[in-house]
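Below is a short briefing on one protein chain, with its structure for reference. Please keep the structure open while reading the points.

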Amino acid sequence: MGAAQAADRARLLLAPYETDLRTAEESEHALVLLHCDDWEEGTRRSLAHEVTVTEIYAAYQRHLHEQINRLVDEGRFPMAIRIGDRPTVAVQDEVRQLLAPLYPDVPGRALAGVHVTALGGMSESGKSTAGEYLRTQHSHARLKIGYLIEDAADRAGIHDPYRLGSVVQAELIVDSLDRFCQAHHFLDSVSIESLHDFDSTAELARMLGPQLTVAYLNASEATRTRRGTAGSQDVADRDLIKRERGADKIVSIAHEVIGNDGSRLKLERRLDRIALDRRWPEHQPSTMPVKALGLPVNLESYLAEFLDRTTGLRPLIDLLAVTGSGARGKYQHGWSDLDVLVVADASALDEMRQILADLETELGGVKLGMTVLTRAECRAGAITSRLFSRPRSHRKRVAGPLVVHPRTGSARSGRGHRRRCKPARRHPGRHRDPPPVPQGKPRPPRPLQGHCAAREDSAPFQWDRVPLRQRRPYRPPRHHTAGHEPGHHRPHRAARGRSARAPRSPGLAGHPPWRDAVSANARRPMATTGVFHKPVATRERAEAEAKGWARLASRIAVPALHGQIALPDRQLLVYEDVFATGRCELLMGDVIALADRDPAVQPRLARLVDGVCADLRAAAEETGRSVPLAECVPDLYLERIRPGSRLDRWYLRRDQPLTLPHTDTTLTLRELADFTLTANGRPLTLNVADTIDNLRHALAPDRRRLAGLTQGDPTEPNIADPLCWLDFEFAGRNTVAGEAANLLWYLMALGGWLVPHYQPDVYARTLRLALPPLARPRIEHLELHRSSRHIDVRYSWNTSPGRAAAITRALDGLRRENGSGLEEIRAFLALRVLGVIPPSRLTGHDLLLVLIKLAESQDPHTTLDTFFTTTPAPHPHPGERSSNVPAPA
């Protein structure tokens, strides 16, 4: 038989042992490592490690990868890591993040946020001088490779580590580095010296990837001999040993080769550039025409002429940035100066001085404040704090600092190079102040950072990628703030019956809301406010999440978004840590668990649930409109219902077996569809395939639904107390009915039963207390009548007191919008029931309960109250037989 038939046969043979196998599996924490999501590519990579491959072994690897990837798709493994081309330490870091919440002895991270500069070179080339300079001037911890190897060897009981292979030596170095940085958690930069072995250096580069910079100091033999204090022979003897180990070959794999035959000052400037290039990567500024700045005509003419004369065939300047009020669209005639920053070589100063003298009359008496810097000064950070703060804060604005030639539309972003660009897009109220108003009248309202509604056509979120640690010492200048822009004013929350929110700081007027948030929040000292780094796979998804956050920041309580950091393998969104700042204390799931145990907590829970429902109602009232589902965020609904998605993999491509509780009978889902079923006296039909087909019709992309701007995933781990919404991966336009279904099903089944039981690692990682649930649904009685193909079930949907109160409160809070029936949320509720926990992971008892609730959700006689009832089932007399059994066919 084929592999697929063999697998199906094995499942049927193991079905009688399903309960015992799942019990054993539930006591384990499974973590699977994959090369990638494509099993064929994974097979190729695995076989590439083998010296010789037989045909049988290749077939075995193909089937192995295919089956493991299938189990991953079905959600069998709660934790999965895609290795791809990432370095060893990055994979180890992800492993630790997953395992540390489960095993306290596992370190939380592996060299997270630490950059290692490894110094190599021949004798007397300046390695020690470089290491000491990095320590004293750039806050590097300076470590010796010999110490690292011997420290790890002593810990591992290795007598002579230098007799080991290069791979093991590199592993010892990384192990010691990791332990050292764990003990000194404040470090983010380390230098190690000296690199003597070529093979171990290459292995270090493979293990650390972009976290390692190999710097090779290169000096002539004459220079090195002159520097030696023990004579030329001593230098030659040491060089001989180094060459035997391949130290001279390291130059071929070095990231930086530093010529060190010159002065010490030249060496230090080069080290400055290496250290600062990593922390301050070069940024391509956005550009705009001179006329788009809104300056007076004479100043526009002045800047255009200056550009023409300094960026011709023989360019004198690299960059011209307008700063201050002229860049912000706030120039006031007779009051403002014209402030510009120019990047140019010192050799161009004489010609620039003559050009400025020729154009002085064009200024019309306006004071010109010009600062000229060289590229080397910029790269080395040799800039005064006054200059550094201003262009850096301005660089993040839409009105980019680089001025573009008004006629050609070309920007000069490098010497001798021209880059075509489009003029910056203008939005009303974004770059200019509103017209002056008469004295004594109120000033027209202007948008505040984080409080004005983001337009759907706003520019994409960007970030200057400067590490947070480097941003702390600098404070952008104060800016004028004002009220909301017209058309976006909303009544005070208390006036609409919504709970009060913690006030957010005012922001910058006249800029896209999320960019303003970045600028304004940079003023707060990060060390005191606390931040949370959320990893996002791609830049596009990070920008989409940031845009979704911005569209909600004016409507609901959210954490501040400080910005976005680009790493080699992922993006980081830097949010305010609302728990570290003291703004919030617990998550909704924690408050429910406390209310389960202490009735005094129930008023607190009621306030939180009321606030959530008020936010969802307000989203429908203020931003709701009827749109096709294709225009809504697709991830939780359209992506899961489309052909070939998880529902097909979980339910349709294979016939899922189900062992009926209280019996020794196993049926597949297709066989179950041929049975009638009565649950607590109500006749139901359990046909999963028909239900999925109906859902695809009800949730077709062109079907119109009421949708508003919401967070997109209103579940217990995403709602903090006092009320603050977290996680904006699905933020944007979401259906009102889908949000209600998501919240209610999580309260009903996922939060207090399925997630803690089947995804304990997720439960422990996403809640702060993660207290165990006190109750769970139970099938009290089941009768199987094969002759009549009927199943009679009596079940109790047991919930703890706090959770039952939350469900009742949410039903009351959402009913005003959704009515008393289930019709509006029926399809979305069914998709939540089917599409979160893979059925292959559920026991027969639990899967049958889930399918009963699925059937109830599709029954036209089901109401919200009957579906979400949490009262126990009636208990008939022990000897009484069910009256729901039909006559045999």
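A search of the whole structure, which is a predicted model, finds eight aromatic pairs. One of them joins Y637 and F828 in an edge-to-face arrangement, with 5.0 Å from centre to centre and 90° between the planes. This pair links distant parts of the chain, as its two residues are 191 residues apart.

**Aromatic rings**

- Y637 is placed in the loop between β19 (625-628) and α23 (638-641), while F828 belongs to helix α30 (residues 826-834).
- Both Y637 and F828 are buried.
- Y795 and W797 form an edge-to-face pair, because their ring centres are 6.3 Å apart and their planes meet at 85°. For the label edge-to-face, the planes must be over 60 degrees apart.
- Y795 and W797 are both buried.
- Y795 and W797 also belong to one aromatic cluster, together with W745, W753, F867 and F868.

**Charges over rings**

- The charged end of K853 is positioned over the ring of F867, at 4.4 Å from the ring centre. F867 is one of the residues in the aromatic cluster described above.
- R768 lies over the face of F579, and the distance to the ring centre is 4.1 Å.

**The chain as a whole**

- The chain contains 32 helices and 29 strands.
- It has 889 residues, and 52% of them count as buried.
- Take the contacts between residues at least 6 apart in sequence: 76% of these join residues at least 24 apart.
- The accessible surface of the chain is about 40900 Å², and carbon and sulfur atoms account for 52% of that surface.

- L14, Y17 and L21 make a nonpolar surface patch of about 310 Å².
- L14, one of these three residues, is part of helix α1 (residues 3-14).
- L14 counts as partly exposed because its relative accessibility is 45%. The partly exposed class covers values between the limits for buried, under 20%, and exposed, over 50%.

**Two residues and their contacts**

- Which residues does Q656 touch, not counting residues up to four places away in sequence? Q656 touches R22, L667, T668, L669, P839, S840 and L847.
- Q656 sits in the loop between α24 (646-652) and β20 (657-659).
- With a relative accessibility of 2%, Q656 counts as buried.
- R62 is part of helix α4 (residues 55-73), and counts as partly exposed because its relative accessibility is 39%.
- R62 touches W39 and T43, again not counting residues up to four places away in sequence.
- R62 and R44 are 18 residues apart along the chain, and their C-alpha atoms are separated by 8.6 Å.

**Cis peptide bonds**

- The peptide bond from E193 to S194 is cis, and its omega is near 0°. S194 is part of strand β5 (residues 189-195).
- D721 and P722 are also joined by a cis peptide bond, with omega about -5°. P722 is in the loop between β25 (719-721) and β26 (724-725).

- S139 is not a glycine, yet its phi is positive, at about 60°.
- S139 is located in the loop between α6 (127-138) and β4 (141-144).
- Is S139 buried or exposed? S139 is exposed, because its relative accessible area is 53% and the exposed class takes values over 50%.
- N680, another residue other than glycine, has a positive phi near 50°.
- N680 is located in the loop between β22 (676-679) and β23 (682-685).
- N680 is partly exposed, with a relative accessible area of 33%.

Definitions and conventions: Residues are numbered from 1 along each chain as its sequence is written. This is a predicted model: local features need pLDDT of at least 70, side-chain atom pairs count only at pLDDT 80 or more; totals for chains, interfaces and linings use all residues. Side-chain values use heavy atoms; hydrogens and water are left out. Patches are made of residues with over 30% relative accessible area and no salt bridge: like charges are joined within 9 Å, nonpolar side chains (Val, Leu, Ile, Met, Phe, Trp, Tyr) within 5 Å. Accessible areas come from the Shrake-Rupley method with a 1.4 Å probe; for residues, only the protein chains shown count as cover. A salt bridge is a side-chain nitrogen of Lys or Arg within 4 Å of a carboxyl oxygen of Asp or Glu. Helices (H or I, at least four residues) and strands (E, at least two) are DSSP runs, numbered from the N terminus. Buried means under 20% relative accessible area, exposed over 50%, partly exposed in between (1.4 Å probe, protein chains only). Contact means heavy atoms within 4.5 Å. Rings of Phe, Tyr and Trp (its six-membered ring) pair if their centres lie within 6.5 Å; planes under 30 degrees apart count as stacked, over 60 as edge-to-face and the rest as tilted. A charge sits over a ring if NZ of Lys or CZ of Arg is within 6 Å of the ring centre and within 35 degrees of the ring normal.
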